[in-house]
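Subject: Structure handover

Hello,

Here is the structure for your work. My notes on it follow below.

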Amino acid sequence: QVQLVESGGGLVQAGGSLRLSCAASGSIFSINAMGWYRQAPGKQRELVAVSGGSTNYADSVKGRFTISRDNAKNTVYLQMNRLKPEDTAVYYCNALLRVTSWGSSRDYWGQGTQVTVSS
């Protein structure tokens, strides 16, 4: 069984910073990519940043957010700087991984962590 556990969300004023962490644990053979998505009330879940063969960011966070990974710990981080009220959302960790050498990769999700940015 694979688990993704997030931490680091909270309430911050506009212009502030937060750092999210997500650790993947369990029976993991290999991780292809790890990333962060977010979902604001009444909106669809959207990609924030992903780190795999390459690193990609949503246009709305470029220059403010930085994704990084510690492969030895199966952990992904999201450093969020110069936060804006429109960054308020539930942030979900995602991992595309395989649990066996012969199996195919599939997506796993964390439970989500709330980020609230006050104006």
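The disulfide comes first. Cys 22 and Cys 93 form a disulfide, with their sulfur atoms 2.1 Å apart. Please keep in mind that this is a predicted model, and that the values below are computed from it. The count of disulfides comes to one. Cys 22 belongs to strand β3 (residues 18-26) and Cys 93 to strand β9 (residues 89-98), and the pair links distant parts of the chain, 71 residues apart. Which hand does the bond have? The torsion about the S-S bond of Cys 22 and Cys 93 is about -80°, so the disulfide is left-handed. Both cysteines, Cys 22 and Cys 93, are buried.

Sheet

Strand β3 is also part of an open sheet, in which four strands follow the order β1-β3-β8-β7 with antiparallel pairing. The edges are taken by β1 and β7; each has a single partner strand, so one side of each is left without a neighbour in the sheet. From one strand to the next, the twist averages 15°.

Val 2 has Gly 26 of β3 as its bridge partner, and Ser 7 has Ser 21 of β3.

Is Ser 21 buried or exposed? The relative accessibility of Ser 21 is 17%, and the cut-off for buried is under 20%, so Ser 21 counts as buried. Leaving aside neighbours within four places in sequence, Ser 21 is in contact with Val 5, Glu 6, Ser 7, Trp 36, Val 76 and Tyr 77.

Salt bridges

A search of the whole structure finds four salt bridges. In general, side chains of opposite charge can pair when their charged atoms come close.

Asp 87 takes part in two of the pairs described here. In one of them, the side chains of Asp 87 and Arg 38 meet at 3.0 Å, N to O. Asp 87 lies in the loop between β8 and β9, and Arg 38 in strand β4 (residues 30-39), so this pair ties together parts that are 49 residues apart in sequence. Asp 87 is buried, with a relative accessible area of 1%, and Arg 38 counts as buried at 6% relative accessibility.

In the other, Asp 87 meets the side chain of Arg 64, and the N to O distance is 2.7 Å. Arg 64 sits in the loop between β6 (55-57) and β7, so the pair with Asp 87 ties together parts that are 23 residues apart in sequence. Arg 64 is buried, as is Asp 87. Through shared partners, salt bridges join Arg 38, Glu 46, Arg 64 and Asp 87 into one network.

Another salt bridge is formed by the side chains of Asp 59 and Lys 62, at 3.1 Å, N to O. Here the setting is at the other end of the scale: Asp 59 and Lys 62 are both exposed.

Backbone

Two residues are worth a look if you check the torsions. Most residues other than glycine have a negative phi. Asn 74 is not a glycine, yet has a positive phi of about 50°. Asn 74 is placed in the loop between β7 (65-70) and β8 (75-80), and is partly exposed, with a relative accessible area of 25%.

Arg 82 is the second case listed here, with a positive phi of about 45° although it is not a glycine. Arg 82 lies in the loop between β8 and β9, the loop that also holds Asp 87. At 49% relative accessibility, Arg 82 counts as partly exposed; the cut-off for exposed is over 50%.

Regards

Methods. Residues are numbered from 1 along each chain as its sequence is written. This is a predicted model: local features need pLDDT of at least 70, side-chain atom pairs count only at pLDDT 80 or more; totals for chains, interfaces and linings use all residues. Side-chain values use heavy atoms; hydrogens and water are left out. A disulfide is a pair of cysteine sulfur atoms within 2.5 Å. Helices (H or I, at least four residues) and strands (E, at least two) are DSSP runs, numbered from the N terminus. Buried means under 20% relative accessible area, exposed over 50%, partly exposed in between (1.4 Å probe, protein chains only). Two strands pair if DSSP finds at least two bridges between them. Axes are lines fitted to C-alpha atoms, for helices over the stretch in contact, and angles run from 0 to 180 degrees between N-to-C directions. Contact means heavy atoms within 4.5 Å.
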